[in-house]
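Student: I have just opened this structure and would like to learn how its terms are applied. Could you take me through a few of them?

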Amino acid sequence: MSNIFKPWLESNLTAEARAGRLAPAFEVDDEVRAVCDQIATGRHPILTGPPGVGKTAIVHEFVRRTARSTTIERLTGRRMLQLSLHKRIGALANRHQLAGEFSKLIEGVRKLRRPPVLFIRDLQVAYRCDLEDELALLASLPNTVLIGEGDDAVISEMLEYTSILQQSFVRVTIDEPNLARAERLLVAWAEACARDGRGQYTPEALAQALTLTYRFVPRARFPRKAVDLLTQSRADAGTRCAVTADAVNRRFSAAHRIPRVLADPTLRLDLPRIRRSLEAALIGQPEAVEAIVDAVGVLKSGLADIHRPLAAILLVGPTGVGKTY
């Protein structure tokens, strides 16, 4: 491998794919095809979307498939390397040196007759560090194939305000899968884990991970949030034991500090007991008690809107009446 890539290198993806160390991605045929189509037409695709929707996994799946065979002439016989701008910045005294280092990278690529395919996993850094001209130059080099990944808003702004980049790059938007697709993805992922000896998951565990992360973790995205919960549950249970819904419930409650009685549908919530407990602690505040009990009941029932706060409770009164308590 040329020394020019080492300071930027996170992974030799082709080597990882041939060694079977790249995890497969599921339900991504359309996305992989979109990446292939753009490369075949001479464009450089940039995968954009919120964190957790599987952008890197899609690129890795693309590498897995093209490592076996490819009909795209531009990719024949080429290695694919995963680079990081953040990694290079971390080794510099300040980020303003990145432009000079990126220019050295460009010169190195220019000298290669058939350079590797470069996957830049954090392409938004180029915009934040004013590397648009350098990026355009790299993209224009003969035989260069780039794949990018980045923050949706930043990449959109970069392409909108840098017309020269629009000639070479095209966005491939990756959306969060809906519940039905996320469920199919989890089932396929669990089957692959079982085949590879990475643990087994019961159908109930998959369903509970999907439900809990959908209801209680709206700011994160599928599939990562559900897969993360399942892998954490596996670490608790051990690879020799099948991960059950009970294990998922225990891990979720511990990780998110949500009382298990609220998250576990098999446990009954005794609202009258909660009301009595609060009334004993918050003496003479029946409205506050009722507001809190109602909010907890809505949460347990699953009727809350996951895209809005559970409740907005404003405690108002003079000093000393117990608002903070």
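Student: What makes Arg78 a buried residue without a salt bridge?

Tutor: Arg78 is buried, where buried means under 20% relative accessible area, exposed over 50%, and partly exposed in between (1.4 Å probe, protein chains only). A salt bridge needs a side-chain nitrogen of Lys or Arg within 4 Å of a carboxyl oxygen of Asp or Glu. Lys and Arg count as positive and Asp and Glu as negative, while His and the chain ends are not counted. The nearest side chain of opposite charge to Arg78 is Glu73, 9.2 Å away, and Arg78 has no salt bridge.

Tutor: Before we go on, this is a predicted model: local features need pLDDT of at least 70, side-chain atom pairs count only at pLDDT 80 or more, and totals for chains, interfaces and linings use all residues. Residues are numbered from 1 along each chain as its sequence is written, and side-chain values use heavy atoms, with hydrogens and water left out.

Student: Where is Arg78, and what does its side chain reach?

Tutor: Arg78 sits in the loop between helix 3 (55-68) and strand 3 (80-83). Helices (H or I, at least four residues) and strands (E, at least two) are DSSP runs, numbered from the N terminus. The Arg78 side chain reaches the backbone oxygen of Pro115 at 3.2 Å. Not counting residues up to four places away in sequence, Arg78 touches residues including Thr14, Asn143 and Val145, where contact means heavy atoms within 4.5 Å.

Student: What makes a group of residues a nonpolar core?

Tutor: A nonpolar core is a set of buried Ala, Val, Leu, Ile, Met, Phe, Trp, Tyr and Cys residues joined through side-chain atoms within 4.5 Å. The largest one here has 35 residues, of which Trp189, Tyr201, Phe216, Leu230, Val248 and Phe252 touch the most other members. Helix 10 gives the largest share of this core, eight residues. A second, separate core of 34 residues includes Phe102, Leu105, Ala126 and Leu135.

Student: How do you know that the span of helix 16 is close to the expected one?

Tutor: The expected span is 1.5 Å times one less than the number of residues. Helix 16 (residues 286-301) has 16 residues and reaches 22 Å from its first C-alpha to its last, close to the 22 Å expected. Gly302 follows helix 16 and has a positive phi, near 80°.

Student: Which peptide bond is cis, and what is its omega?

Tutor: The bond from Phe222 to Pro223 is cis, with omega near 5°. Pro223 lies in the loop between helix 11 and helix 12. Most residues other than glycine have a negative phi, and most peptide bonds are trans.

Student: What is the phi of Asp130, and why is Asp130 called exposed or buried?

Tutor: Asp130 has a positive phi of about 60° although it is not a glycine. At 58% relative accessibility, Asp130 counts as exposed. Arg257 also has a positive phi, near 55°, and with 76% relative accessibility Arg257 counts as exposed.

Note on methods
Polar contact = N/O pair within 3.5 Å; in protein donor to acceptor, adjacent residues only side chain to side chain.
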